Amino acid sequence: MSRLELPTPSKAQLVVEGLYKDLERRIEASPPGLCPVDISRAFLELCHAQTCGKCVPCRIGLLQLKHLITDVLNGKATMETLDLMERTALSIMETADCAIGYEAANMVYKGLIGYREDYEEHIKNGRCTCTYNQPVPCVALCPAHVDIPGYIALVREGRYADAIRLIRKDNPFPTTCGFICEHPCEARCRRNMVDDAVNIRGLKRMAADYAGKVPPPPCAPSTGKKVAVVGGGPGGLSAAYYLQLMGHQVTVYEMLPGLGGMLRYGIPNYRLPKERLDEDIEAILATGVEVKYGLRIGKDITIQELRAQYDAVLITIGASTDKKLGIEGEDADGVMSAVHFLRDVGKGINPDLTGQEVAIIGGGNVSMDAVRSAIRLGAKKVSILYRRRVADMTALPAEIEGAAAEGVEIRTLRAPSRIETDENGHIKGIYVTPQMISSIKGGRASVKPSGLPDEFVPCTTLIVAIGQNIETEHFEKAGVPVERGKIMAEKFGGFNNIPGVFAGGDCATGPATVIRAIAAAKVVAANIDEYLGFHHEIACDVEIPEPNLDDRMPCGRVELTEREACERIHDFDGIENCMTCQEAKQEANRCLRCDHFGFGIFKGGREKVW
């Protein structure tokens, strides 16, 4: 008779584990616009099922909370019910034996504070405040609301030029976004319920690669109105494109010798080949947009002069200056900002880092661009110094993995303390203070000094990538409202006290992604058109293929491959390979066409004009 046995999972355990995986996928694919009260009830019911039954707060309290929320949903509650729920939740939080009860009650309590108006709307009017106006998850989560199911269907049919035309209705940078978009649309792709999200960015890249040169649509008849756009980045060029299509004559003022802003002077060539960026810019200029280069606002021309010459002025200067560390020795030779470093690389002025030890401070995408560029410029050793963990980095996981594959050393929980210089005033290293992880604030773990002595990191070049600032001095003097380093435009992009002047993109929201700048450009272009006395619509006459009625069986996601790390670190050529036609067709066929088979069919399926 054996004393012990090796346990093996029973069939019931395996099935339950599978149910947990299914639940995880459903939560991951949860679309925007769901009723938060109903979600709270469902989550609370799950939490109650997990209780061990030992303590009363979990066993009884969570059940009573669920009944109270159900009364709210069924129209049987009063405003006093909310007070009772709040007291009950606080009581459970204070008395539950373990995290099962505490966290479940805390979720309800936070909901009562955070979306109380949803509870009150159910009680007063018997309905939810949440709107399900956009039932296609990928389109809802794309800041520019690109018709994603539509262009995926076109890619599946091999109609690549039509796919580009459809994308341009909402995004005039299809090629650029095919390379560098952060694809928030994939986060709630319903395909996650089956296996994995559709590779939306990869399909956009494929369409751009195979479409050839696609001319822009014809412009509307001239309105005789003139618009000045200050800044030739993605936001300014997108707004110029749509305003020109509407019939207004647009002139872009750009201080640098080339258009594109941070796309050209901030994103290295290996991520976004500049000849591919030029494809999008050429299509925008083909509409008739005029450009004046080498003019800096506030120095070569003022906002007052532009207001006198044009019917409307749009400020889209982006976030093109650097933030300072605020530590001793920051002004030493060899210390530079990532913004200026990447701008020089974008201009072809490549600093010689051969044989040097290079350190970069920061954990965002700009930091990754800087470290991977330093590798390509011949640095002997490149290190990232970041005060939090890798999990806390704001850079895309693929960028972090790519940097590590190329030999970058990632040193986390290290906060810069002071810079040491040699007798010539040149940096020879930086002292960093070891950190330890601490309490979670705002959903993100904070750090604090660990108490260990500072460490010395030798380096001959230090690149600072801790964020970007906005040049607002001239605009503030001109009466444009500025607060905390940002231009404070209204939600419609204009200013109540300065008619005819608008602002959008990073300068109004703070540093963000390319697709968010494009989304802001759509809003401000439409509102400038309204201000000028018109109501033009942007549409696309491409016919979308009928959905395929075949079963969507589980199928793996096609990922874009990359050149080998040992090969790509020696040049700035593109590192990512495109899908083949066969791969693209298979990947496009994974799309569940939520615009047709989901609730979207009741809403007309798609937004054909804006």
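Val408 is in contact (heavy atoms within 4.5 Å) with Val371, Ile375, Val382, Ile384 and Ala403, leaving aside its neighbours within four places in sequence. The model is predicted: local features need pLDDT of at least 70, side-chain atom pairs count only at pLDDT 80 or more, and totals for chains, interfaces and linings use all residues. Residues are numbered from 1 along each chain as its sequence is written, and side-chain values use heavy atoms, with hydrogens and water left out.

**Val408**
- Val408 lies in the loop between helix 18 (397-405) and strand 9 (409-412); helices (H or I, at least four residues) and strands (E, at least two) are DSSP runs, numbered from the N terminus.
- With a relative accessibility of 7%, Val408 counts as buried; buried means under 20% relative accessible area, exposed over 50%, and partly exposed in between (1.4 Å probe, protein chains only).
- From Val408 to Gly479 there are 71 residues in sequence and 46 Å in space, C-alpha to C-alpha.

**Asn192**
- The loop between helix 10 (174-180) and helix 11 (200-211) holds Asn192.
- Asn192 has a relative accessible area of 2% and is buried.
- Neighbours within four places in sequence aside, Asn192 is in contact with Arg25, Glu28, Ala29, Glu186, Ala187 and Ala197.

**Helix 4 and helix 6**
- Helix 4 (residues 79-95) packs with helix 6 (residues 116-125) at an angle of about 140°, and their axes are 9 Å apart; axes are lines fitted to C-alpha atoms, for helices over the stretch in contact, and angles run from 0 to 180 degrees between N-to-C directions.
- The two helices are therefore oblique to each other; angles under 35 degrees count as roughly parallel, over 145 as roughly antiparallel, 65 to 115 as roughly perpendicular and the rest as oblique.
- On the helix 4 side, Met79, Leu82, Asp83, Met85 and Glu86 meet Arg116, Tyr119, Glu120, Ile123 and Lys124 of helix 6.
- This contact of helix 4 with helix 6 has 5 nonpolar, no polar and 5 charged residues; Ala, Val, Leu, Ile, Met, Phe, Trp, Tyr, Cys and Pro count as nonpolar, Asp, Glu, Lys and Arg as charged, and the others, Gly among them, as polar.

**Whole chain**
- The protein chain has 24 helices and 18 strands.
- Its C-alpha trace spans about 80 × 65 × 55 Å along the principal axes.
- Of the 610 residues of the protein chain, 49% count as buried.
- Among contacts between residues at least 6 apart in sequence, 72% join residues at least 24 apart.
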